[in-house]
Amino acid sequence: PSLTINTNVDLGPPDQKKTLMTKLTQVISTGLGKPDSYVAIHLNDKQSMMWGGSDEGCALCTVASLGSINLKNNQQVVKGVSNLLADAPYGIKHDRVYIEFRDVARENMGYNGATFAG
């Protein structure tokens, strides 16, 4: 699975981002029931973004996975990601975070020189 976060907030220096990515990896791994070694995280901070006409902190996120996308898992991931982004020093309010979930077909995901369908 992968998680991409686009935000207008500065997520800090590299060591702080690494800590956040490690925590996000756990959220995705636990929430989707996938091994940590399968999880990829991509942070795009300090982006030009607005939400409802305001440039207050916000985030647009995408989770893509081969399976494991369902209501129960998605609720757990939303809670975990939103809580991490709301924590200091980020301060992104829960009502300023969208998370889109994509259940990707095996033939539509490539890895290691092939698709997961072969």
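1. Is Cys-58 buried or exposed? Cys-58 counts as buried, because its relative accessibility is 1%. Buried means under 20% relative accessible area, exposed over 50%, and partly exposed in between, with a 1.4 Å probe and protein chains only.

2. A word on the basis. This is a predicted model: local features need pLDDT of at least 70, side-chain atom pairs count only at pLDDT 80 or more, and totals for chains, interfaces and linings use all residues. Residues are numbered from 1 along each chain as its sequence is written, and side-chain values use heavy atoms, with hydrogens and water left out.

3. Disulfides: the count is zero, taking a disulfide as a pair of cysteine sulfur atoms within 2.5 Å. Cys-58 is in none, and its nearest cysteine sulfur belongs to Cys-61, 9.7 Å away.

4. The largest nonpolar core has 25 residues. Such a core is a set of buried Ala, Val, Leu, Ile, Met, Phe, Trp, Tyr and Cys residues joined through side-chain atoms within 4.5 Å. Leu-3, Ile-5, Leu-24, Val-63 and Val-81 touch the most other members. Two or more residues come from each of strand 1 (2–7), helix 1 (14–32), strand 2 (40–44), strand 3 (59–65), helix 2 (71–86) and strand 4 (97–103). Helix 1 gives the largest share, five residues. Helices (H or I, at least four residues) and strands (E, at least two) are DSSP runs, numbered from the N terminus.

5. Look next at Val-63. Beyond neighbours within four places in sequence, its contacts (heavy atoms within 4.5 Å) include Leu-3, Ile-28, Leu-32, Val-77 and Phe-101.

6. Thr-62 lies in strand 3. With neighbours within four places set aside, Thr-62 is in contact with Ser-2, Leu-3, Thr-4, Glu-100 and Arg-102. Asn-73 is eleven residues from Thr-62 in sequence, and their C-alpha atoms are 14 Å apart.

7. Of its 14 lining residues, Pro-1, Tyr-38, Leu-66, Tyr-111 and Phe-116 are the closest to the centre. Strand 3 and strand 5 (110–111) each supply at least two lining residues.

Notes: 1 Å grid on protein atoms, 1.4 Å probe; cavity = no way out; pocket = protein on both sides within 12 Å on 5 of 7 lines; lining within 4 Å.
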